[in-house]
Amino acid sequence: MGDPKIKFTRRDFLMTAGIVAGMTTLGEIPGELLAAVDRKNLVRFPEKTDMILLTSRPPQLETPMQYFRELITPNDALFVRWHISQVPISVDLKEWRLKVGGHTDKELLISMDDLKTKYEKVTMTAVIQCSGNSRSYFEPPVAGGEWQNGAMGNVTWTGVRLKDILAEAGIKAGAVDVSFNGLDTPPLPSVPDLVKSLPVDKALDADILIAYEMNGQSLLMLNGFPARLIVPGWFATYWVKALSDITVLSEPFEGFWVKTAYRIPDNPCACVAPGEKVEKSIPINRMNTRSFIIDPEEGASIKANKSVDLKGIAFSGGYGIRDVLVSVDNGKIWSETKLGKNLGKYSWIQWTYSWLPKKKGKYTLMVRATDNNGESQPFEPRWNPAGYMRNIVEKVTVNVL
Amino acid sequence: MASALDNAQGQSGSGQDKSSVHSITLPATEVTLKPGLGLDKVRTLCNICHSLEYITMQPALPGATWSAEVNKMIKVMGAPINEEDAKVITEYLSAEYGTGK
């Protein structure tokens, strides 16, 4: 149910619903409302820098890879992914309340002031990654959000523990699931509202936050202002934006976006043979281990007989990173890289390796990380029909001149 | 980059206090679709719930996949598309954004 306090004018409705016949040419759209689009398909949305456009309604924006040179992803470059078209575009903080209720002793109506003053303040750096990050690389191709590798970021979140909020409400015996709803609403009543759930035991994990700041500033509107769920180590589908309702349930949650969507094969690789259907599925959950080469870029030219620093990032599903190995000869020999500042088990870590290429020619660089649980990355791609959880060992080809 | 709300909180109110309201305006983008039989139906019907980049960002997909996607829009999302228009839309997508299989 949408919050009646969101200011949603008729013009906003027309713009976001798109139910305006013939609004198909540049001339019919007021100039100031057109996003700046350049030839590289970069757009600049409100509060954001130039980002790769996937879709405008609802907004889906991808981070250009160069921002991953930073340990912390700048707020204005963090990726954006909404599911249903009526996204919140105006929120009055004086009126907004986070409602907590259902199978609880008490019902709570929590204001932003309450969030900031009544509960223990927690700060945590955690990777946020879309379940379908890297989907565009699937072979055979999978329909959906066609991300390259930019639907991820590393952000320092500030908020309160969900556990503390639930303790105040008092969970009654027999609670099974907890559902989370945001201010976004569907374009038609038949479209399932974006509501996610977690099993109650998971919801009581002390590391799950209701965050109201990203990198020390209020959440950007497109990243879930005024508050969002943070489920560190798990894919971002659970990180519900513009939180408005938390409901404790005494029956299993049956909502579309958990029961039907966001399911993975129930096996260790979360995969099936390409093109095959899934027999038994479970809701997607923890992230797998990934690493990337950020510098040099694909196809770069490198000078022979001069040291160059190979650089990148690595992260896991909340188990930190044990080591990152790199190869400069397409996987024959592997060397340990130097790891950077450790911001905790949910953050990504930077790695560097000093390489002195002596011979001219084409080189295939590879990088492979292992987390503190021993989980690493496959050399062959894993396929599933929804295009989730890609974590193959990444390669970059460079030319030494 | 500071958000508009962080900037607004420094302003003194006069009359109604507006500094607690945080707003953005979303831009539209122009989407160019390939000309083909059924384009008008696609532009009108597929645009009701979402922008048309949902089509143009896809890799080339087999006809069966496009058919399944259109079916999902109707059966699961409740798109107001009748059987005849669904056929036209699927044929357009397969022809213009398909693998040819």
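This is a predicted model: local features need pLDDT of at least 70, side-chain atom pairs count only at pLDDT 80 or more; totals for chains, interfaces and linings use all residues.
Me: At what angle do the axes of H4(B) and H5(B) cross?

Reply: Two packed helices are described by the angle between their axes and the distance between the axes. Here the axes of helix H4 (residues 63-75) and helix H5 (residues 83-97) of chain B cross at roughly 140° and come within 9 Å. Axes are lines fitted to C-alpha atoms, for helices over the stretch in contact, with angles from 0 to 180 degrees between N-to-C directions. Helices (H or I, at least four residues) and strands (E, at least two) are DSSP runs, numbered from the N terminus. H4(B) and H5(B) are therefore oblique to each other (under 35 degrees is roughly parallel, over 145 roughly antiparallel, 65 to 115 roughly perpendicular, the rest oblique).

Me: Which residues of H4(B) meet H5(B)?

Reply: Contact requires C-beta atoms, placed from the backbone, within 7 Å. From H4(B), B:Gly63, B:Trp66, B:Ser67, B:Val70 and B:Ile74 meet B:Ala86, B:Ile89, B:Thr90, B:Leu93 and B:Ser94 of H5(B). By class, this contact has six nonpolar, four polar and no charged residues (Ala, Val, Leu, Ile, Met, Phe, Trp, Tyr, Cys and Pro are nonpolar; Asp, Glu, Lys and Arg charged; the others, Gly among them, polar).

Me: How is chain A divided into domains?

Reply: Domain bounds come from an automatic or database domain assignment. Chain A is divided into domain 1 (98-261) and domain 2 (290-400), whose C-alpha centres lie 31 Å apart. In chain A, 16 residues of domain 1 are in contact with 15 residues of domain 2. Strand S8 (residues 122-129) of chain A gives the most to the domain 1 side, with four residues.

Me: Where is the cis peptide bond that involves A:Pro58?

Reply: The bond joins A:Arg57 and A:Pro58, and omega is about -10°. A:Pro58 has its place in the loop between strand S2 (50-56) and strand S3 (59-62) of chain A. The peptide bond from A:Glu139 to A:Pro140 is also cis, with omega near -5°.

Definitions and conventions:
Residues are numbered from 1 along each chain as its sequence is written. Chains are lettered from A and ligands numbered from 1 in the order in which they are written. Two residues are in contact if their C-beta atoms, placed from the backbone, lie within 7 Å.
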